[in-house]
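Please read this briefing alongside the sequence and the structure shown below.

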Amino acid sequence: PAPAPAPPAPSGGGAGGAPPAPAGAEVRFRGYAYPAAEISIFRNGAFLRKDLAAADGTFEILVSAVPGGLAKFDLSAKDTDGRTSIVLTLESSVVEGGGNTISNIIFPPTIELAETSVRQGERFIVRGQAFPNSDVMVVIDNGPKPIITKSTSAGIWGLAIDTLGLAVGDHSIKAQEKIPQGPGSTFSKVIPFKIFARGVVFCKGPDVNADGRVDLQDFSILL
């Protein structure tokens, strides 16, 4: 009898073949942001992934198919009021075929001022979001003594700053945080503001004399 035909060689792909293994590696990012913050991750300037932090402010984001080798990762966070953090830049060597985890990432607080022009002796509001129940340290003009407050369980923080002890002129304000039983963050964005002498009237628009119309009288006041 004739010999039986040899079995066919296994297929290298197609409908019945095993799917090819994804190129690159998996990188897991873990850390602390703000409740439900929107976190964006970039590698060497190219967008990788966007995801949300948990309701308690922690996040763990897995990114697949990341090329191996030394890489620069840029991470930013946007809080639920639309304020954005500074960009955190992290360098890491990614190993293909292994587990890569970048942990203990701490976003500094978001920060904004209700107004950036204020008369001396008045108060102004600074506010933002941080990791829940964290100590938030607010620093004016790189001064040695921060003003300390605490974020709420929802991550909200705010302060009314008294300007009585600040000189007329240009100033700046920034904030950092220390998470509960953990390390501190870097500083936030730096926000400039200006203090004017008492009695200065702020112009809210071209109608300088507030008579309901814009005319030559308004222009003459500015001269």
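How many bridges join E8 to strand E10, and do these strands run parallel or antiparallel? Two bridges join E8 to strand E10 (residues 123–129), and the strands run antiparallel. This is a predicted model, in which local features need pLDDT of at least 70 and side-chain atom pairs count only at pLDDT 80 or more, while totals for chains, interfaces and linings use all residues. Residues are numbered from 1 along each chain as its sequence is written, and side-chain values use heavy atoms, with hydrogens and water left out.

**Overall make-up**
- The chain comes to one helix and 15 strands, where helices (H or I, at least four residues) and strands (E, at least two) are DSSP runs numbered from the N terminus.
- Of the 223 residues in the chain, 33% are buried, meaning under 20% relative accessible area, with exposed being over 50% and partly exposed in between (1.4 Å probe, protein chains only).
- Among contacts (heavy atoms within 4.5 Å) with a separation of 6 or more, 61% are between residues 24 or more positions apart.

**Strand pairing**
- Two strands count as paired if DSSP finds at least two bridges between them.
- E8, E10 and E13 form, in the order E8-E10-E13, an open sheet of three strands with antiparallel pairing; its edge strands, each pairing on one side only, are E8 (112–113) and E13 (156–162).
- Within this sheet, Glu 112 has Arg 127 in E10 as its bridge partner.
- Strand E15 (residues 191–196) is joined by three bridges to the parallel strand E9 (residues 117–119), and by five bridges to the antiparallel strand E14 (residues 169–178).
- Ile 195 in E15 stands opposite Val 118 and also opposite Gly 169.
- The covered face of E15 carries Ile 191, Phe 193 and Ile 195, whereas Pro 192, Lys 194 and Phe 196 lie on the uncovered one.

**Nonpolar cores**
- A nonpolar core is a set of buried Ala, Val, Leu, Ile, Met, Phe, Trp, Tyr and Cys residues joined through side-chain atoms within 4.5 Å.
- The largest such core has 22 residues, and those with the most contacts inside it are Phe 29, Ile 39, Phe 59, Phe 73, Ile 105 and Phe 107.
- Strands E1, E2, E4, E5, E6 and E7 are the elements that give two or more residues to this core.
- Apart from it lies another core, of 18 residues, which includes Val 136, Ile 161, Ile 173 and Ile 195.
- Leaving aside neighbours within four places in sequence, Ile 105 is in contact with residues including Phe 29, Tyr 32, Phe 59, Leu 75, Leu 88 and Leu 90.
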